[in-house]
Amino acid sequence: MKRVALTFDDGPDPVTTPALLATLASYHAVATFMLWGEHVAADPNLVKQIVAAGHAIGNHTYTHRSLVGLSPGEIQTELTRTDEAVFAATGLRTTFFRPPFGDIDATVAAAARRPAVTWRVDSEDWRSHDAPSIIQRVTTLTQPGDVVLMHDGQPATVQALPEILQRLTAAQYRFVTVPALFHRLQAGCLYAGEQAVQPLIEGRK
């Protein structure tokens, strides 16, 4: 069975997150939600719903600014504040993060002290805001073991998701969370897919 990890950035969103959760449930599909800390603090009950539905959660920083160029202390604060908001909502702590905009270097990786997860397939929903375009990109570019980037808060993504799930299911894909996709996530490494793992700190494999 081919596996793919669908990921949704920037949530939770009070309008789109419930719709995404309903669609995923109808296909018995799990995904990974990369949570924006400010949004978690604003709507903790939605984060509880995400976790209760069996989805994985990742840390997408508190204010969603690029971490490159920040001091180690500033980077840690961005991640720690999100951890605290997620813990307050769910009693859980995130174990991996997605750097905003995919911006990451060795300094960020060292300060974060946790695995970084980006993507191999970009739906470009943030650019097109167009469901047919999102469907086309995701279903034609996805290969086994990929991590796919989509965004919570995009109405077009909500519209596109049923067709994406239908087409990938027909192509014999199984939807898994990011932790389930990788044998082991290690701090200091960048994960974009099963065949796209990169050490960012010397000595990491």
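Let us start with a side chain: a polar atom of T142 sits 2.5 Å from the backbone oxygen of V138. This is a predicted model, in which local features need pLDDT of at least 70 and side-chain atom pairs count only at pLDDT 80 or more, while totals for chains, interfaces and linings use all residues. Residues are numbered from 1 along each chain as its sequence is written, and side-chain values use heavy atoms, with hydrogens and water left out.

Where does T142 lie? Its place is the loop between α7 (131–141) and β6 (147–151); helices (H or I, at least four residues) and strands (E, at least two) are DSSP runs, numbered from the N terminus. T142 counts as buried because its relative accessibility is 8%, buried being under 20% relative accessible area with a 1.4 Å probe, protein chains only. Beyond neighbours within four places in sequence, T142 is in contact (heavy atoms within 4.5 Å) with V4, V121, R137, V148, L168 and Y173.

Now step back into α7, where A131, I134, I135, V138 and T139 are buried. They are on the same side of α7 because they cover an arc of only 105° around the axis, taken from the directions from the helix axis to the C-beta atoms. An α-helix has 3.6 residues a turn, so residues three or four places apart point the same way. Among the elements covering the buried residues of α7 are β5 (121–122), α6 (125–128), β6 and α8 (155–170). At the start of α7, a side-chain oxygen of D130 comes within 2.9 Å of the backbone nitrogen of S133.

Definitions and conventions: Buried < 20%, exposed > 50% of the residue type's maximum accessible area, 1.4 Å probe, protein only. Polar contact = N/O pair within 3.5 Å; in protein donor to acceptor, adjacent residues only side chain to side chain.
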